[in-house]
Amino acid sequence: MQTTRLAFAAAAALGLLLATGCTTDTPADDAATDESAPAADSGEWFVQAEYDEQLAQRDIEPEGDPNTPWLQAIEPEWVDTTEFKREGGDATVCFSNASVSNPWRVTGWITMQEQVKVLQEAGAIGEFRTSDAGDDDDQQISDIQAFVDSGECDALIVSPSTTATLTPAVETACASGIPVIVFDRGVNTDCATTFIHPIGGYAYGADAAEFLVENLEPGSTVLALRILPGVDVLEHRWAAAQQIFGDSEIEVLGNEFTGGDAAEIKNIVSQYLQRGDVDGIWMDAGDGAVAAIEAFEDAGKPYPVMAGEDELSFMRKWEETGMTAIAPVYSNFQWRTPVLAATMILNGEQVPAEWVLPQEPITAADRDEYLERNADMPALHYAKFGGEDLPGFPDAWRDR
Amino acid sequence: MTRARRLGTALLGGGTGTVFLLLVLIFAGILAMNPGFFEGPSLMAFLKQAAPLVILAAGQYFVIVSGNFDLSVGALVGAQVVIAARLIDGEESRTVPVMLVMLAFGIGVGLVNGLITTVLKVQSFITTLGMLLVLYGAIRLWTGGAPTGSLSEAFRTPGRLGITGVPVVGQIPWALLIMLALGAGAILLMRTRFGRILMASGDNELAAKLSGARVDAARTAAFVLSGISATVAGILIGGFAGVSAQVGEGLEFTVITAVVLGGVALGGGRGTALAAMAGALAIEALFTLFNQMALPATLRPAVQGVIIIAAVAYAARRRTRPALQSTASPS
């Protein structure tokens with residue numbers, strides 16, 4: 001009897017593990033916990049001022065050469081960096097990476113390393129030290145601390161795992177007197193010399209939602225597929241889409257979390273199709289977009305109007321089927337910018353305090369051009385990775 | 001009268017019966033929400049998508065009933081799909097050879113799990129947790145984090161297509177036929193001498209050993225069967241949805257929950273293969289029900305956890321009662 005009890009207690013524990021298992025890899029667990037009221041989540045993640053700013057930034061011509069979008073900046077406010085000017089080209093640049101846990105980060109990480117090689121050969125930087133925190137906040141805090149304690153980093157690049165938790169670590173690094181460069185997700189301090197990011201999540205979600213509204217008849221139905229709750233860049237995408245769908249005559253059938261798992265996506269879309277027609281698909285990231293399209297094929301339904309991402313598997317399927325679609329972009333080329341910014345700062349050149357990179361969706365008009373440029377690239381690669389002119393191209397990205 | 005009572009005990013009482021009751025309840029819920037679900041084509045679509053989990057549950061059942069765990073199956077499914085995409089790389093002619101390589105890999109992983117557990121006497125929880133991490137890490141290392149290559153059309157056939165043009169149901173998925181064949185195989189296997197040894201090893205290892213059963217060999221074979229089931233599940237899942245970086249993630253917990261939901265006791269020695277597979281079907285049906293109810297996605301894991309605990313606790317309560325009664329009133 002005793003063993004039976006024990007066994008069932010273990011079973012219950014497993015049930016709990018299953019229940020919580022899907023959120024353990026969320027890099028923002030703290031933000032995910034209090035999301036019990038789904039009706040409130042638009043309010044919780046929606047900041048009108050940021051939304052308006054990002055939507056406006058989409059129409060502002062960025063400064064700089066359009067052929068090198070990773071060096072362009074939208075309305076930059078230049079800051080002086082002469083205090084960090086350093087003689088000699090053997091600077092040690094350190095990089096604390098949140099993780100390489102998804103194809104978007106893998107693609108960007110390769111681009112960054114190839115850019116570093118070029119800078120090293122040119123003698124602009126010496127050693128490039130890196131750490132990977134595997135999406136673990138505590139690990140990243142100690143990674144940053146170790147870089148600071150070593151006293152050997154002449155500049156520190158941080159791609160934070162989460163916003164609030166990493167803020168004190170970044171502040172410590174700033175206080176040590178070296179230039180700090182933050183990119184991708186932000187932190188709650190402006191002590192960094194520059195914060196590099198594309199326009200942002202609201203613009204991404206709005207690009208996708210506006211396209212669906214424009215291309216669907218009033219009264220059409222849209223299904224929203226989301227990766228996971230509680231991550232700011234993803235929540236902003238959905239918050240923007242809710243604004244735009246709310247002002248239109250589109251009916252949102254539901255918003256489902258898929259974990260980016262293709263099998264899960266196909267299940268969910270198939271089930272919605274069993275219950276009725278789905279005219280459009282909105283996604284907060286393109287992972288598994290092809291599985292969603294296949295669900296329509298297998299159910300014998302006409303293709304939806306779709307917003308995916310500039311991930312190649314989706315773009316190739318888009319071309320093959322000729323469906324009406326758009327590929328919103330969360331500019332992957334931003335991974336080049338931080339190392340270039342580091343060399344600029346160490347040369348005492350000005351950099352933008354907030355370096356807002358352009359973020360333009362790929363439309364039917366320029367789709368084929370991007371597909372051709374990336375013809376040799378694997379399926380889970382991002383079209384706007386911006387590394388075509390680096391000497392490692394195409395092998396470094398192809399043979400990953 | 002006694003027969004009715006026995007039927008009642010089977011359904012409401014003993015651990016294995018509960019799952020069928022749960023399945024009926026969930027299906028009734030789905031029927032109330034959406035009667036269209038039970039039309040041929042959508043039922044077939046449900047079974048097609050449930051097949052991989054059912055097959056995994058059959059494999060996991062062998063391991064659990066013999067007194068062990070296999071936590072490595074989710075990572076193995078993921079690894080198999082990534083290996084397939086990389087080795088096939090879109091070439092139709094490589095489909096069958098690569099499937100054989102995958103089978104060999106699945107058997108190899110099962111064999112290693114089994115030998116480490118039985119020969120080196122490492123607890124299976126640790127062995128297979130280690131294997132999970134090894135596979136996860138090795139695949140990340142090999143692919144640099146993002147899978148490359150693509151699956152061939154032929155590879156995707158078993159998981160995605162079926163016999164078309166069948167009256168009433170429309171399409172009979174290959175995945176369903178594979179599931180039925182392997183499920184029947186699992187049930188028959190448990191009726192053989194091997195099956196009895198497996199059950200006995202989980203129930204009382206020492207007694208089984210003393211009566212001359214080769215416990216270690218049987219347990220190792222159970223891990224190999226689990227590895228094979230993960231391979232087949234990988235072929236079906238990859239076929240169903242294609243390659244993605246997340247494929248297989250968390251499957252080990254879903255499948256262990258399914259088996260436990262089927263009334264199979266952790267620690268081994270009790271439960272049937274059929275009920276374990278029904279547990280998998282119940283979990284998939286539960287996901288479908290949540291979808292039909294349009295339950296907020298953030299609430300689902302919590303509801304799912306409560307239902308699982310309630311179902312297992314219910315089964316446990318009913319199971320303990322007859323034993324108490326038999327001592328109190330032998331009538």
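A residue counts as buried if 20 or more other C-beta atoms lie within 10 Å of its own. Keep that cut-off in mind for strand 2 of chain A. The model is predicted.

Strand 2 of chain A spans residues 93–97, and five of its five residues are buried. Both faces are covered. On one side sit A:Val93, A:Phe95 and A:Asn97. On the other sit A:Cys94 and A:Ser96. Each of these residues meets the cut-off for buried.

What lies beside this strand? Strand 3 of chain A, residues 128–132, is joined to strand 2 of chain A by five bridges, and the two run parallel. A:Val93 stands opposite A:Phe128 in strand 3 of chain A. The chain gets from strand 2 to strand 3 of chain A by way of helix 5, residues 103–121. This β-α-β crossover is right-handed.

Strand 4 of chain A, residues 155–159, also pairs with strand 2 of chain A. Five bridges join them, and they too run parallel. Here A:Ser96 has A:Val158 as its bridge partner.

Now widen the view to the sheet. Six strands of chain A form an open sheet in the order 3-2-4-5-6-13, with parallel pairing. Strand 3 and strand 13 (354–357) of chain A each have a single partner strand, so one side of each is left without a neighbour in the sheet. From one strand to the next, the twist averages 15°.

Back in strand 3 of chain A, the bridge partner of A:Cys94 is A:Arg129. A helix also packs on the sheet: helix 6 of chain A, residues 137–150. Helix 6 touches strand 2, strand 3 and strand 4 of chain A. Its direction makes about 170° with that of strand 2 of chain A.

Next comes a pair of helices. Two packed helices are described by the angle between their axes and the distance between the axes. For helix 4 (residues 48–57) and helix 8 (residues 201–215) of chain A, the axes come within 8 Å and cross at roughly 65°. Angles of 65 to 115 degrees count as roughly perpendicular. Helix 4 and helix 8 of chain A are therefore roughly perpendicular to each other. Their crossing is right-handed.

Which residues meet where helix 4 and helix 8 of chain A come together? Helix 4 of chain A brings A:Glu50, A:Tyr51, A:Gln54, A:Leu55 and A:Gln57. Helix 8 of chain A brings A:Tyr202, A:Ala203 and A:Ala206.

Methods
Residues numbered from 1 in each chain as written. Chains lettered and ligands numbered in written order. Predicted model: local features only at pLDDT ≥ 70, side-chain atom pairs only at ≥ 80, totals over all residues. Buried ≥ 20, exposed ≤ 12 C-beta atoms within 10 Å, placed from the backbone. Helix = DSSP H or I, 4+ residues; strand = E, 2+ residues; numbered from the N terminus. Pairing = 2+ DSSP bridges. Right-handed = clockwise from strand over helix to strand, strands pointing away. Axes fitted to C-alpha atoms, helices over the stretch in contact; angles between N-to-C directions. Parallel < 35°, antiparallel > 145°, perpendicular 65-115°, else oblique. Left-handed = near helix turned anticlockwise from the far one by under 90°. Contact = placed C-beta atoms within 7 Å.
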